[in-house]
Structure formats: structure tokens, C-alpha cells
Amino acid sequence: MTTEGRRAPGPRGIPLLGSLPQWKARTAEFLLQTQRDHGEVSRVQLGPVTMHLVTEPDAVGRVLKDNSSNYVRGTLYEQFRTVMGDGLLTTDGAFWRSHRRAMQPVFLRGAVAAIGPNVVQATQEMLDVWEEKARLGEPVDLVTETLRLTLVTLSRSLFGYDVRPEAPVLKDVVDNVIEVMFKHGTLSEMLPSWMPTKRNRLIKRDRAVFTRLVEDIRRQHADTGQGALMALIEAAKDPVTGESWTDDQVRDELLTLYLAGHETTAVALCWTLVSILLNPSVQEELDAELEQALGGRIPDPADLESLPFTSKVVDEALRLYPPIWIYPRDTVEADELGGYHIPAKSSVLLSPLASHRNPRYWDNPEAFDPQRFTPEAIKARPRMAYIPFGAGARMCIGNLMALMELRMMVAMINQRFRLSLVPGNFLRYGDSSISLRPTTEVLAVPVPRTAPRRTRKAAVSGVGGA
Ligand code: HEM
């Protein structure tokens with residue numbers, strides 16, 4: 001389809017580079033500023049690449065749902081493929097459809113509840129270690145703790161595999177993979193994969209670590225039958241050839257799930273905990289709800305229905321700090337979004353961060369306010385103003401699992417501890433990373449709920465974009 005729409009407004013930029021310097025220096029701030037100055041569909045020039053930042057809800061809906069076949073994975077995802085291979089996140093068309101169908105059953109509402117005991121066990125293990133830290137008055141780093149917790153939970157829940165001994169190595173691999181995926185425009189990225197550059201050596205090492213891990217997981221599954229998702233993957237057939245998935249396909253999907261599933265959930269948990277401790281009235285209401293609904297009992301997934309405030313707290317943290325804060329698409333043909341012309345073969349950028357701080361739909365957007373998620377408030381907003389998990393056919397496959405984990409973990413952590421931030425933390429987000437991970441460690445001292453409560457002063461200097 002060709003369109004007659006107008007050219008979208010956008011920042012002027014400088015000759016040749018356009019807005020690339022601002023984008024590289026402070027991506028999150030740049031996106032928010034662009035939305036403020038130029039509106040909900042704006043044109044941004046990044047060197048040779050023309051990109052449209054789209055936050056207008058109807059236009060977001062057109063990209064993700066109504067005209068989604070015109071918006072494909074494209075250039076950034078090519079970069080992901082170098083490390084992740086061909087998995088759910090990086091593929092399109094029939095291949096993606098058959099893989100999504102094969103794996104979907106374990107992520108459905110009814111199935112997700114079965115993961116509850118793993119969430120409880122992994123969270124208790126973490127909190128038992130915190131008990132000792134609390135006794136010594138030592139802080140924990142919430143970034144590291146939440147990453148380990150979600151990694152262990154995911155691995156046990158989907159693959160029946162206890163990944164704890166490998167957790168430090170895997171953290172290294174994940175950090176490196178993320179760096180490789182997001183380092184654009186370097187010379188080494190353009191060199192062929194067989195050349196022994198540092199980047200290529202690291203990619204090779206990471207894939208080797210992962211190949212070994214997947215072999216262990218498959219061997220263990222064959223012996224024990226554990227791991228609901230492993231059972232589906234081992235039984236899956238290619239719809240064209242009727243053959244089982246190849247070893248490479250199994251490895252790529254496991255790598256995708258480890259990468260897409262644990263870091264995102266950890267980042268969400270970390271920001272939720274920080275948001276609670278920075279907002280004493282939220283902490284009080286949360287404590288009251290937990291006390292009233294559970295009375296000290298460990299929750300199970302069925303209890304979540306009686307924890308509506310806990311859910312709202314998680315939803316609000318996903319609004320203010322959406323772990324996947326940008327995701328791109330490339331157009332196949334020209335289109336029109338919000339009345340503006342979008343050229344064929346150009347990039348469109350969706351940004352939950354910008355959408356979720358758009359003052360047109362969110363009063364005082366920088367404030368943390370769980371009451372934005374009452375049923376009435378949700379109904380009054382366009383659906384596409386809130387997109388932490390995407391939407392349409394490519395919506396996050398793990399969204400119900402993530403929400404269940406987050407609510408259970410938030411409840412369990414707050415039942416046992418108050419967290420007290422170590423003074424001097426300045427919490428930053430928004431470097432050029434895949435997720436909205438805080439850019440430094442976040443040190444907090446766990447204080448057991450039974451101990452006399454300390455008065456918590458505003459211990460941080462602030463929260464802001466990088
Ligand atoms: C708070 C946690 C999470 C957030 C914020 C999140 C966010 C997202 C978003 C925004 C997308 C869509 C990207 C796009 O359209 O380009 C996505 C896709 C995906 N997510 Fe998540 N995710 C989370 C947790 C999980 C978990 C727990 C898993 C699995 C265990 C998972 C696996 C995936 C996969 C495989 C895709 C690709 C789906 C497809 O294209 O079919 N995510 N996620």
C-alpha cells in the first residue's frame with residue numbers, strides 16, 4: 001500500500017549523523033524528549049537510518065495487531081540472531097508459528113499455576129540467605145539477587161533443571177550476549193564470523209557454554225522426565241518435514257527462553273522492590289493486604305486473586321520501569337500511522353517507556369501510583385497506552401508466568417523483610433541495553449519484619465534516566 005500521508009515531525013539533528021549523538025548518549029531521555037517535543041508519531045534520523053517513534057495508541061495497535069504482517073523483525077533482530085540463533089524472538093512466518101504453537105501450552109493460564117511451588121522454593125532459598133545478611137547488618141545487591149532468583153525459577157520450572165552451580169557462568173554469558181546484541185556500528189561487527197576477533201571469540205565461547213548446558217538439560221530430562229517445556233520440545237515436529245526439531249533448534253529456543261525470560265523478570269522485580277521502599281504509603285498498604293489475606297502464610301498462585309493491591313503495585317512498576325523499553329519493527333510496505341507517511345523498508349520503534357510516560361494518558365507520569373490500575377482506570381485508557389509485554393500475535397509468551405512470579409515474589413519478600421537502601425544509591429536506567437536494568441548495583445539491607453522497624457529516611461539521591 002502506498003500512502004499520501006504527511007511527513008512526521010521530528011528533531012532536526014546534524015548533517016549526516018542526524019540525532020545519532022543524542023541517541024547514543026542518553027537513549028531513554030532522547031525518546032522521552034522527542035515524544036514531548038514532536039508528538040506521538042515522530043521521525044528520527046539516526047545516521048542513514050530513518051526511524052519513526054510511535055506511541056499513539058491506535059498507531060501502536062496498527063503495528064502490533066491490525067496490520068502486523070507489514071511489520072517484521074528486521075535489522076535489530078538480525079543482530080540478536082548472531083547470538084541467539086533462530087528462536088521465537090528472532091524469526092517470523094511459518095517457522096515462528098509452528099514453534100510458538102508447540103511451546104504455548106506451558107505458558108497458558110492453567111498451566112502457569114503449576115510453577116507456583118518452584119517460585120516459592122527459590123524465593124525461600126534466597127530469603128534464608130538474606131536472614132544471615134540481616135543478622136550481620138550487611139546489604140544485598142538487588143540486581144544480582146533478583147537475576148539469580150528468576151534464573152533459578154525459570155530453569156526449574158520450564159526445564160526441570162537446577163541451574164544454581166552454573167549461575168555465575170551464565171550471568172557472565174548473558175551479560176556478554178546482551179552487550180554483543182546492542183553494540184552497533186563497530187568495525188568488528190562487520191567482519192565475518194570466522195575471523196578470530198574478540199567479539200567472534202566471545203560469541204563462540206557463549207554458544208559453547210550454552211550448547212553444553214542444553215546437552216545436560218536434555219540428558220537429565222531423558223532420565224527423569226522432569227521439565228514441562230522440555231517434554232513439549234522433545235515431542236515437537238516440524239510441520240513440513242514431520243521431523244523432530246534439530247539439536248540446533250532446541251538449543252536456540254532454550255537460549256531464547258533463558259535470555260528473554262529471566263533478565264526481564266529480574267529487572268521488573270528489582271524496580272518493584274525499589275518503588276515499594278521509596279513509597280512508604282505503598283509499603284503500608286501492601287503490608288496490610290498481605291497481613292489480611294495471608295496472615296503470615298506463604299502464598300500460592302490461588303491466593304493472588306485476593307491480593308489486588310500487590311498486582312497493582314507490580315503493574316505500576318512495569319509501567320514506570322518497563323524492562324523491555326524499546327522494540328523495533330521494519331516495514332515491508334509503506335503505511336500511514338497517525339496520519340503520517342511511513343516509508344517502505346524503514347524502521348518503526350515502539351517504546352513502552354515513552355508510551356507509559358505519555359502525559360496524555362498518565363497524570364503526573366513520573367509518580368509511582370498503583371491506583372492507576374483500578375478496573376475503572378484501566379477501562380478509561382486506550383489498551384495500547386500500556387504495552388509492557390507487547391500485544392497481538394507476538395505478545396510475550398511468558399507474560400502470565402512473569403506476572404505470577406512477580407506477585408508471588410513481591411508478597412513473599414515483603415512478608416519477611418523490609419528493605420532499607422544504603423544511602424548514596426543513585427538509581428539510573430536507560431543506557432543502550434536491552435532491558436531497563438539499573439546501571440549500577442542497588443544495595444539494600446534486609447531488615448526482618450519481626451525486628452523493631454527502623455525509620456527509613458529518603459536514602460537515595462534520586463531516580464533517573466542515564
Ligand atoms: C516482566 C517480564 C517480561 C517482560 C517485560 C517481557 C516483555 C516482552 C516483550 C515486550 C516482548 C515482545 C517483543 C516484540 O514484540 O518485539 C516479549 C516477547 C517474548 N518474551 Fe517476554 N517478557 C517478560 C518475561 C518473559 C518470560 C518469563 C518469558 C519466558 C520464560 C519470555 C519469553 C518471551 C519470548 C519467547 C518472546 C518472543 C515471543 C514471540 O515473538 O513469539 N518473556 N517479551
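**Fold, iron site and local geometry of the predicted chain**

The chain comprises 18 helices and 12 strands, where helices (H or I, at least four residues) and strands (E, at least two) are DSSP runs numbered from the N terminus. The model is a predicted one, in which local features need pLDDT of at least 70 and side-chain atom pairs count only at pLDDT 80 or more, whereas totals for chains, interfaces and linings use all residues. Residues are numbered from 1 along each chain as its sequence is written, and side-chain values use heavy atoms, with hydrogens and water left out.

Of the 466 residues of the chain, 55% count as buried, a class that requires under 20% relative accessible area, with exposed meaning over 50% and partly exposed lying in between (1.4 Å probe, protein chains only). The chain exposes about 20,600 Å², of which carbon and sulfur atoms supply 55%; accessible areas come from the Shrake-Rupley method with a 1.4 Å probe, and for residues only the protein chains shown count as cover. Among contacts (heavy atoms within 4.5 Å) between residues at least 6 apart in sequence, 76% join residues at least 24 apart.

The iron atom of the ligand has C396 as its only protein donor, through SG at 2.3 Å; donors are N, O and S atoms within 2.8 Å of the metal (3.2 Å for Na, K and Ca), and sites may look incomplete because water is not among the atoms. C396 is placed in the loop between α17 (375-380) and α18.

Helix α18 (residues 399-416) packs against helix α7 (residues 116-136) at an angle of about 35 degrees, with the axes 10 Å apart. Here the axes are lines fitted to C-alpha atoms, for helices over the stretch in contact, and angles run from 0 to 180 degrees between N-to-C directions. The crossing of α7 past α18 is right-handed, that is, the near helix is turned clockwise from the far one by less than a right angle, anticlockwise being left-handed. On the α7 side the contact includes V119, V120, M126, L127 and W130, which along with others meet a set in α18 that includes M404, M408, M409, M412 and I413. The residues of this contact divide into 10 nonpolar, three polar and four charged, where Ala, Val, Leu, Ile, Met, Phe, Trp, Tyr, Cys and Pro count as nonpolar, Asp, Glu, Lys and Arg as charged, and the others, Gly among them, as polar.

E145 lies in helix α8 (residues 142-159) and is buried, with a relative accessible area of 11%.

W96, in helix α5 (residues 93-103), is likewise buried, at 10% relative accessibility.

Most residues other than glycine have a negative phi. L16, although not a glycine, has a positive phi of about 70 degrees; L16 lies in the segment before α1 (20-25) and counts as exposed at 80% relative accessibility. K345 also has a positive phi, near 55 degrees, in the loop between β7 (340-342) and β8 (347-350), and K345 counts as exposed at 69% relative accessibility.
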